[in-house]
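Please examine the sequence and the structure shown below. The paragraphs that follow proceed from the whole protein to individual residues.

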Amino acid sequence: MIDATCLVLGGGGLAGIAWMTGLLTGLADAGDDLTGAAKLIGTSAGSSVAAQLGSGLSLDELFARQVDPAKQTREISSPVDLATFATAMMEALKGAPPHDEVLRRIGAYALATKTVPESARLDVLRERLPSHEWPERPLAIVAVDAISGVHRVFDRASGVSLVEAVAASCAVPGVWPPVTIGGVRYVDGGVRSSDNADLASGFARVVIVSPLGVANVIPSPYPLREVVATLRAEGSEVTVYSPDPDSKAAIGPNPLDVATRAPSAHAGRAQGRRRPASAM
């Protein structure tokens, strides 16, 4: 058991990025600054937050980038709506296939769907991340091979740029284009698990910040409740934060909506200051 904290940051769109940033800022306001965690694990939106925590900017500066229109970075809209995405996910689940087959079906859908150009999406991520360099401390970013359905964990030793790793982890199937790394097309790591908290095994303290909580869009062999129970059985102290009612209201029905950033960040900060961990 590693006598240190692992911070796990899950998926949740632009609203999730803002809410997690606000929550972490609020927790620090309340005396629990998690930015010094020994390891960060980021999936989808969480990969963006994790990368920004390693940028050298303070939490207050990162918070300002969510709530101040003059500091908010440019985002682009996807031509694919969430209803279309939900329909595609239901199709992938038809017949209750094994999870690896589900991931291959989702990958095929992502590869076949016309979205914005990959180059345009990478440009957005370059602007979003204050630093394009991997931090010195361990940072693990999860993505999934669109063809094989096998997940990959990118880190400083992978020989992959931080921007590409984050873009791959954030490549919501059918919403954003799969990201090409070394000739392989990758999609959002959240299709494996919205948090991938099982990768935090072995740490004395695990803090999971999960915008989606137990509400996985895609059934996973790593459901959050079971993963938390396993981590605790292994001896880890586990705390889970997911949106409270006020934060859920701020996030709203479309977490990809750029207008959710400021209200989600403010709601997250208020929640963090109250420090109400989720029952799990």
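The protein exposes about 11,200 Å² of surface, and carbon and sulfur atoms supply 55% of that area. These values, like those that follow, are computed from a predicted model. Charged side chains may be considered next: the protein has 25 that are positive and 29 that are negative. The centres of these two sets lie 2 Å apart.

The secondary structure comes to 10 helices and eight strands. The radius of gyration of the protein is 17 Å, close to the 19 Å that the globule rule gives for 280 residues, so the protein is as compact as a globular protein of that length. Along the principal axes, the C-alpha trace spans about 45 × 45 × 40 Å. Of the 280 residues in the protein, 54% are buried; a residue is called buried if its relative accessible area is under 20%. Among contacts with a separation of 6 or more, 76% are between residues 24 or more positions apart.

How many of the nine residues of helix α2 are buried? Nine of the nine are, and helix α2, which comprises residues 45-53, is therefore largely enclosed by the rest of the structure. The buried residues of this helix include A45, G46, S47 and S48, and also A50, A51, Q52 and L53.

V49 is likewise found in helix α2. Its relative accessible area is 3%; because the limit for a buried residue is under 20%, V49 counts as buried. Which residues does V49 touch, not counting those up to four places away in sequence? They are L9, I17, M20, T21 and L24. A further relation concerns V49 and R128, which are 79 residues apart in sequence. In space, the distance between V49 and R128 is 9.9 Å, C-alpha to C-alpha.

T73 is found in the loop between α3, residues 59-67, and α4, residues 82-93. Is T73 buried or exposed? With a relative accessible area of 16%, T73 is buried, although this residue is located in a loop.

Note on methods. Residues numbered from 1 in each chain as written. Predicted model: local features only at pLDDT ≥ 70, side-chain atom pairs only at ≥ 80, totals over all residues. Heavy atoms only, no water. Buried < 20%, exposed > 50% of the residue type's maximum accessible area, 1.4 Å probe, protein only. Helix = DSSP H or I, 4+ residues; strand = E, 2+ residues; numbered from the N terminus. Contact = heavy atoms within 4.5 Å. Rg over C-alpha atoms; globule rule 2.2 N^0.38 Å. Areas by Shrake-Rupley, 256 points an atom, 1.4 Å probe, with all protein chains shown as cover. Lys, Arg positive; Asp, Glu negative; His and termini not counted. Charge placed at Lys NZ, Arg CZ, Asp CG, Glu CD.
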